[in-house]
Protein chains: 2
Amino acid sequence: MDLLVVGSVGLDYVETPFGKIENALGGAATYISLTASYFTTPVRLIAVVGEDFPDEHYKMLEDHLIEMEGLEIVKGGKTFRWGGKYHYDLNVRDTLYTDLNVFENFNPIIPDKHKKNSYVILGNILPSLQLRVLDQLEGDNFVICDTMNLWIETTRDDLLKVLERTDVLIINDSEARLLSNESNLIKAATIIREMGPKYLIIKKGEHGALLFNGESIFSAPAYPLESIFDPTGAGDTFLGGFAGYLHKTEDLSFENMKRAVIYGSAMASFNVEKFSTKGLEELDQLQILDRFLEFRELSRFDHE
Amino acid sequence: MDLLVVGSVGLDYVETPFGKIENALGGAATYISLTASYFTTPVRLIAVVGEDFPDEHYKMLEDHLIEMEGLEIVKGGKTFRWGGKYHYDLNVRDTLYTDLNVFENFNPIIPDKHKKNSYVILGNILPSLQLRVLDQLEGDNFVICDTMNLWIETTRDDLLKVLERTDVLIINDSEARLLSNESNLIKAATIIREMGPKYLIIKKGEHGALLFNGESIFSAPAYPLESIFDPTGAGDTFLGGFAGYLHKTEDLSFENMKRAVIYGSAMASFNVEKFSTKGLEELDQLQILDRFLEFRELSRFDHE
């Protein structure tokens with residue numbers, strides 16, 4: 001099966017109490033692809049950039065064997081740009097600007113050879129664009145989807161159509177509460193799964209994550225980070241680690257899904273240790289395995 | 001070793017969106033003792049009540065083999081009374097009234113025979129009273145302590161003296177942040193342990209709990225409750241389960257502390273399913289073990 005990642009690729013300006021960075025590689029699809037590439041290759045990136053997209057970023061993605069046949073380069077166009085500022089409490093961020101640029105007319109095209117039998121990762125983009133991707137698919141595919149508060153509030157109908165065709169939905173706790181209109185996360189999970197997703201993951205930041213399927217629940221711990229350097233892309237990184245591990249193992253059992261959640265969490269913990277995608281560019285397999293094992297040590301207990 | 005529980009015994013009025021109850025058994029020492037009694041007996045209760053304290057409550061405590069030699073009954077006095085109202089979001093409660101009554105002049109006396117070699121559980125009372133208890137102890141004891149925002153803000157100096165002599169401090173996340181003046185809980189834990197406690201447990205409600213000792217951290221999941229009937233006493237119940245299990249096993253290894261945290265969490269999950277102490281009055285050992293195992297299932301994952 002192929003692994004397709006659809007979403008944004010952008011250039012970020014990020015300011016945190018620890019420093020700032022300009023023209024940094026960003027965008028949901030970037031974080032997802034880069035992270036997934038540690039588990040499985042090639043990751044097929046479907047996105048759009050302008051002619052200003054720097055060569056160094058292409059090179060870094062190529063170095064990770066990310067296949068860019070589906071990356072549209074708009075002649076004379078400018079790449080999507082986002083600027084954000086985090087305050088001392090890194091849970092709060094101000095968006096300084098969002099220049100959609102070429103992303104405004106993004107029309108994701110799935111190459112014919114990848115329309116069947118693929119893992120399709122729908123990064124956080126307009127639900128109508130996610131639907132456009134789903135409409136191109138044929139036969140059996142496995143769809144993993146992200147979304148955000150803005151779409152839940154403004155384009156709910158489209159989002160609900162996406163959810164009907166989603167296998168795994170990955171959202172954070174505030175999104176889960178908003179989508180379900182229910183503050184108790186366990187009840188919220190039941191309501192959301194009735195909307196379509198067979199599997200639901202609720203990310204809770206410093207409190208870990210919950211995985212729901214059928215009657216089963218898995219509670220994953222959070223990695224105990226003393227400081228978070230740059231939280232940008234943490235959710236996308238989680239998604240990339242989860243999807244990459246699942247694609248690599250091709251095992252949809254609940255036991256294996258748990259491991260995928262831990263790999264997603266582990267990768268997100270690397271991501272927030274450095275600015276932009278820096279924390280994800282030079283990892284090795286041993287580091288990733290070590291962190292996986294740290295997660296196990298953190299939450300393991302035995303009966304006598 | 002003896003197990004001593006020092007704290008409040010009271011009569012509660014509790015109102016939640018699901019109903020209300022009057023003259024219900026309450027108080028931190030009540031919840032702690034009752035819970036600990038499922039693990040170890042006798043639990044020695046050191047508290048004060050008035051002559052109005054109902055016979056049925058004595059009887060229920062006696063049925064759980066709670067030893068009340070240290071329970072002072074003030075002739076003509078009235079028992080401590082507290083009234084609270086929970087709103088639909090059960091994380092928020094209004095205190096309707098707090099009538100200290102006989103509790104205002106509570107002077108905890110540790111019987112001579114229990115001054116040495118005891119597990120001493122200091123429920124959430126004025127730090128100056130906790131100090132009075134500590135001053136009566138002789139030789140080796142193991143001190144487990146609770147506190148609250150009010151004491152952190154108003155009697156910090158006394159509290160710091162208590163912490164210097166505390167083995168295990170059990171507080172919630174907002175208390176940990178307030179006490180350490182640090183929002184990151186991992187950093188907060190380091191700061192608080194420098195104040196004295198060798199072991200620190202931070203309770204995070206629906207997000208579980210964290211246990212810290214030396215370089216080790218354990219992240220315990222929360223039981224996935226769809227509805228919480230009455231959250232009163234959940235923290236005290238956690239404390240009782242933790243301390244009771246530890247006292248029973250007399251094993252202070254980190255592995256065993258983890259189990260104690262899970263037993264504390266399991267007992268708290270029973271407590272909130274019913275009003276007042278009702279959820280703790282008629283449990284059996286199999287139910288408790290089953291819930292312990294549910295916690296393990298909830299958080300367990302393996303490497304391949």
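Q: How many residue pairs are in polar contact between chain A and chain B?
A: A polar contact is a pair of N or O atoms within 3.5 Å; within protein, one must be able to donate a hydrogen and the other to accept it, and residues adjacent in sequence count only if both atoms are side-chain atoms. Here, the count is 16 residue pairs, both at pLDDT 80 or more. This is a predicted model, where local features need pLDDT of at least 70, side-chain atom pairs count only at pLDDT 80 or more, and totals for chains, interfaces and linings use all residues. Side-chain values use heavy atoms, without hydrogens and water, residues are numbered from 1 along each chain as its sequence is written, and chains are lettered from A and ligands numbered from 1 in the order in which they are written.

Q: What about salt bridges across the interface, how many are there?
A: Look for a side-chain nitrogen of Lys or Arg within 4 Å of a carboxyl oxygen of Asp or Glu. That rule finds four between chain A and chain B. One of them joins the side chains of B:R177 and A:E206, at 3.0 Å from N to O.

Q: How many residues does each chain put into the contact?
A: Contact means heavy atoms within 4.5 Å. Chain A brings 38 residues and chain B brings 37.

Q: And how are the two copies related, by what rotation?
A: Copies are superposed by least squares on the C-alpha atoms of residues with pLDDT of at least 70 in both. Turning chain A by 180°, with 0.0 Å of shift along the axis, puts it on chain B (RMSD 0.0 Å). That's the relation of a two-fold axis. The same surface serves both copies, as 97% of chain A's contact residues recur in chain B.
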